[in-house]
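Hi there,

Here is the structure I promised to pass on to you. Have a look at it first, and then read my notes below.

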Amino acid sequence: MNLGVGARTEERAFLVELIELYRDLTPLWQTRSKDYNDRTKRAEAYDQLLAKYHERFPDATMDELKRRINTLRTNFRKELKKVLKSGKTGQVYASRAWHFQHLMFLADQEDNISSSDFLDESGMDDLVRFL
């Protein structure tokens with residue numbers, strides 16, 4: 001689907017709102033939280049997120065919402081790895097993904113990024129200063 005500039009800007013603004021709500025719904029992403037394993041709380045959180053998603057996409061299903069969130073997280077993870085690896089090599093890589101900064105709250109949740117991807121123990125501090 002090819003969106004015009006105005007429609008793309010509107011959709012991105014909406015997705016930023018969706019990401020902000022997602023950030024507030026910690027049972028959906030904060031793996032170290034006890035609520036993360038509580039199916040009832042996760043279902044309630046997904047229902048809230050789907051209600052928001054329906055504002056822009058009224059016919060969307062839960063599966064479509066989860067796919068959208070998964071796509072955003074996957075792209076964020078790839079960009080985060082690039083940023084971290086660039087710091088190790090001394091080359092500067094600044095993500096141009098529009099959603100990267102909005103998803104930074106997920107950075108410490110990415111367990112599959114090995115510790116060798118960080119510069120040192122203060123890798124996240126370096127990343128924050130870099131950004």
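**What I found**

Of the 131 residues of the chain, 37% count as buried, where buried means under 20% relative accessible area, exposed means over 50%, and partly exposed lies in between (1.4 Å probe, protein chains only). Please keep in mind that this is a predicted model, in which local features need pLDDT of at least 70 and side-chain atom pairs count only at pLDDT 80 or more, while totals for chains, interfaces and linings use all residues. Residues are numbered from 1 along each chain as its sequence is written, and side-chain values use heavy atoms, with hydrogens and water left out.

The chain has four helices and zero strands, so its pattern along the sequence reads α-α-α-α; helices (H or I, at least four residues) and strands (E, at least two) are DSSP runs, numbered from the N terminus. The largest nonpolar core has 27 residues, and Tyr22, Leu49, Leu65 and Phe76 touch the most other members. Such a core is a set of buried Ala, Val, Leu, Ile, Met, Phe, Trp, Tyr and Cys residues joined through side-chain atoms within 4.5 Å. Helix 1, helix 2 and helix 3 are the elements that give two or more residues to this core, and helix 3 gives the most, with seven residues.

Next, the aromatic rings. A search of the whole structure finds six aromatic pairs. Rings of Phe, Tyr and Trp (its six-membered ring) pair if their centres lie within 6.5 Å; planes under 30 degrees apart count as stacked, over 60 as edge-to-face and the rest as tilted. One of the pairs joins tyrosine 53 and phenylalanine 57, and is tilted, at 4.8 Å centre to centre with 40 degrees between the planes. Tyrosine 53 is buried, with a relative accessible area of 4%, whereas phenylalanine 57 counts as partly exposed at 22% relative accessibility. Another tilted pair is formed by phenylalanine 76 and phenylalanine 100, at 5.2 Å centre to centre with 35 degrees between the planes. Phenylalanine 76 lies in helix 3 (residues 62-89) and phenylalanine 100 in the loop between helix 3 and helix 4 (123-130), so this pair ties together parts that are 24 residues apart in sequence.

What else does phenylalanine 76 contact, leaving aside its neighbours within four places in sequence? The list is His99, Phe100, Leu103, Met104, Leu106, Ala107 and Glu110, where contact means heavy atoms within 4.5 Å.

Two charged side chains sit over rings. Arginine 42 lies over the face of tyrosine 36, at 4.5 Å from the ring centre, and lysine 66 lies over the face of tyrosine 46, at 4.6 Å from the ring centre. The rule is that NZ of Lys or CZ of Arg is within 6 Å of the ring centre and within 35 degrees of the ring normal.

Finally, have a look at arginine 23, which is found in helix 1 and counts as partly exposed at 34% relative accessibility. Not counting residues up to four places away in sequence, arginine 23 touches Trp29 and Phe105. Arginine 23 and phenylalanine 105 are 82 residues apart in sequence and 7.2 Å apart in space, C-alpha to C-alpha.

Enjoy exploring!
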